[in-house]
Amino acid sequence: MEKKTPKRNLARIERATLALLADLPAWRIRAVERVELSSALWSERERDIHVIPLNEVAREVPDLYRALWDQRSNASEVTLTLPLTDLPAVPIIDLHIKVANNYVYRLPMDDSARIQTAHIRNLAEQAGLTFDPALTDLITALFYYPSKNYGELWKSHHEPPRSWLKKLKKIATDPDPTYEYLKSRFDGNKCMPHFSRRVYNEWKMNSESISELVENFALIDHLSATGSPLIALPHYFDELQKAGPLTPSTKGANVTELLGKLHSFLCGAKSAADDERPCVAEQAEAAKRLLYTYSSYGLQWTVFAKCTVPKDKPFTITIKEKRPVYFAPYRDGGPSTYLQNKVWKMVSFGDAKTNHISIHTEDNAVRLGAHYQVTDQKLEQIQTPADEEQSTPELYLRHDSTEPRTSHIFIGIPLKLTRLTSCWLWLTIIVAGYGIILLLLRGMAEYDEAGNNSYGVFRHGLSAGDAAIFLIPVAFAASFLLTKDTSTLNSRLRRKRQAFLLGEIAVLLIMAFAFFTVHHIKTVDSPPKPTKTAPRRVPDTPGVHGSVRPRPDSLGERVGG
């Protein structure tokens, strides 16, 4: 289990970290990300961020200059907490971080959430808004909360019931997974002694108002606490209890007021962002950044690490990790994405002066489709062309340095089988379908007494040899296509056509056994034997003695007679 650092006072958070987080392109000259689709379950990613010397950055960032001055005893290096990259709120494995050629470890996610909350507070100050300190712990809980329990409960409610009884029960009760989750966590909890459906409905009204506002700036899903604050309340109260005994002002009776304050704060930011007066242009821009940042933290989080870096030399930040592959832009797409073959990738694309992204696959049986999509956080198509964008069957490449540009983008790339494999699949499907038609026509033919069938084109009916001619080539070809694939990505792309081909083969076999059972297939392919009849007798010719005249045995006897 991850070891957590003690809870810090926001005043102790390094101002240099917040200054660097507020303007990432100011100290990052280039970010290069490579994505390899290694399977249908996981993708391998490597990201290199090229950082300019911090001495040059400090001339424009006073807080960083003060941090360097405080560590002036070391002329060549400085120890800072750096924001490294944004990761989606999904399972991440094999995370390796190297800064200036030294491996470092990231801060715990709850500490990262506190820094992110401080960043929201700074943006509010820049936008001329008042940030209520009472919102600090709540927003921190929204930026990070353990989502496993609620995710499993939500998934169980949205999976199709396996029995009719459960389906009828689900229709009759219409369960609310959020209410059930809160009820299971608050029953017997001292922080919420009077939780009820009425209290939940009051909270839900404020939560829905917040969700409607957040949807205008970023995609939200069922696990996004910034759009659905209620699902983070149990973690919020758990953290309050760790800090000390709960007072009446910090118990559940104050939740409605807190949600109202959060909604008012976001509405104030929305009003400031919509102000088009030139005199408040900077405040409006800061308010827009606040709303986009707050909304996006429901889907992602920022990685921070305490590291020692050179002052007067450029250095590189390298992040390697594996993350799940999703065939929808949101998490847990459910059964609706089972047959989808378009893979979606969220990419940080505005955190450096120039950003590069490349996506490829090493599977020889898979190629990248040409009809890709590039959208923003609201899944709206990006119309501004990039500096460079190329797509081939092996590689997708995008490079952009225009300002301003979307900080995070979603890239949807369709995956396809190679043309040779695809042609073999379609050819086998067509041959199997043609075999079904021939087997049906010849097997269902009716014969008359003369041996002619009702179709008139098949004079000899259907024999066991004919059935073997239909079945053996199809089964032989299908055996290569229905074998277990070595790649899960290849297997997913074949899924629909393999299922159709398997159905055709099943129909062929069922028809063949059915015709054999009802004797429409002849086991011996031979013409019918003629019916035996008695030979016709020639009448006797009366002779001298009334007997048959003997037939001459030779030509001489015939002449002599």
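A residue counts as buried when its relative accessible area is under 20%, as exposed when that area is over 50%, and as partly exposed in between. Keep these cut-offs at hand for the tour of this predicted model.

**Stop 1**

Select C307. Its relative accessible area is 4%, and because this is under 20%, C307 is buried. Now select C267, which has 27% relative accessibility and therefore counts as partly exposed. A disulfide is a covalent bond between the sulfur atoms of two cysteines. How many disulfides does a search of the whole structure find? The search finds zero.

**Stop 2: the open sheet**

Show the strands next. Eight of them form an open sheet with mixed pairing, and the order across it is β5-β4-β7-β2-β1-β9-β13-β12. At the edges are β5, residues 102-104, and β12, residues 388-391, each of which pairs on one side only. From one strand to the next, the twist averages 15°.

Start inside the sheet with β1 (residues 28-36) and β2 (residues 42-51). These strands run antiparallel and are joined by eight bridges. A hairpin of five residues leads from β1 to β2. Select E33 and look across to R47 in β2, which stands opposite.

Move on from β2 to β7. This pair also runs antiparallel, with 10 bridges between the strands.

Which residue of β13 stands opposite Q390? Select L397 to find it.

**Stop 3: the second largest pocket**

Turn on a surface or pocket display. The second largest pocket holds about 1,300 Å³ of space. Its lining has 44 residues, and R289, G350, R405, T406 and S407 are the closest to the centre. Selecting those five will bring you to the place.

Several elements each supply at least two residues of this lining, among them α1 (15-22), β3 (77-88), α4 (109-126), β6 (300-310) and β14 (408-417). Strand β13, visited at the sheet, is another. Which element gives the most to the lining of this second largest pocket? The answer is α12, with nine residues; to display this helix, select 281-296. Coloured by residue class, the pocket lining divides into 13 nonpolar, 17 polar and 14 charged residues.

**Stop 4: the largest cavity**

The structure also holds five cavities of 30 Å³ or more. In the largest cavity there is about 220 Å³ of space. Select P88, Y326, P329, M346 and F410, which are the closest to its centre among the 17 lining residues. Two elements give two or more residues to this lining: β7 (315-324) and β8 (342-348). The most come from β8, which gives three. By class, the lining of the largest cavity has 12 nonpolar and five charged residues, with no polar ones.

**Stop 5: a helix residue**

Finish at helix α13, residues 419-443, and select A432 within the helix. Is A432 buried or exposed? Its relative accessibility is 0%, so A432 falls under the 20% cut-off and counts as buried.

Note on methods: Residues are numbered from 1 along each chain as its sequence is written. This is a predicted model: local features need pLDDT of at least 70, side-chain atom pairs count only at pLDDT 80 or more; totals for chains, interfaces and linings use all residues. Side-chain values use heavy atoms; hydrogens and water are left out. Two strands pair if DSSP finds at least two bridges between them. Helices (H or I, at least four residues) and strands (E, at least two) are DSSP runs, numbered from the N terminus. Axes are lines fitted to C-alpha atoms, for helices over the stretch in contact, and angles run from 0 to 180 degrees between N-to-C directions. On a 1 Å grid over the protein atoms alone, a cavity is a set of points where a 1.4 Å probe fits but cannot get out, and a pocket is an open set with protein on both sides within 12 Å along at least five of seven lines; lining residues have an atom within 4 Å of a point. Grid points are joined across faces, edges and corners, and a volume is the space filled by probe spheres set on the points. Ala, Val, Leu, Ile, Met, Phe, Trp, Tyr, Cys and Pro count as nonpolar, Asp, Glu, Lys and Arg as charged, and the others, Gly among them, as polar. A disulfide is a pair of cysteine sulfur atoms within 2.5 Å. Buried means under 20% relative accessible area, exposed over 50%, partly exposed in between (1.4 Å probe, protein chains only).
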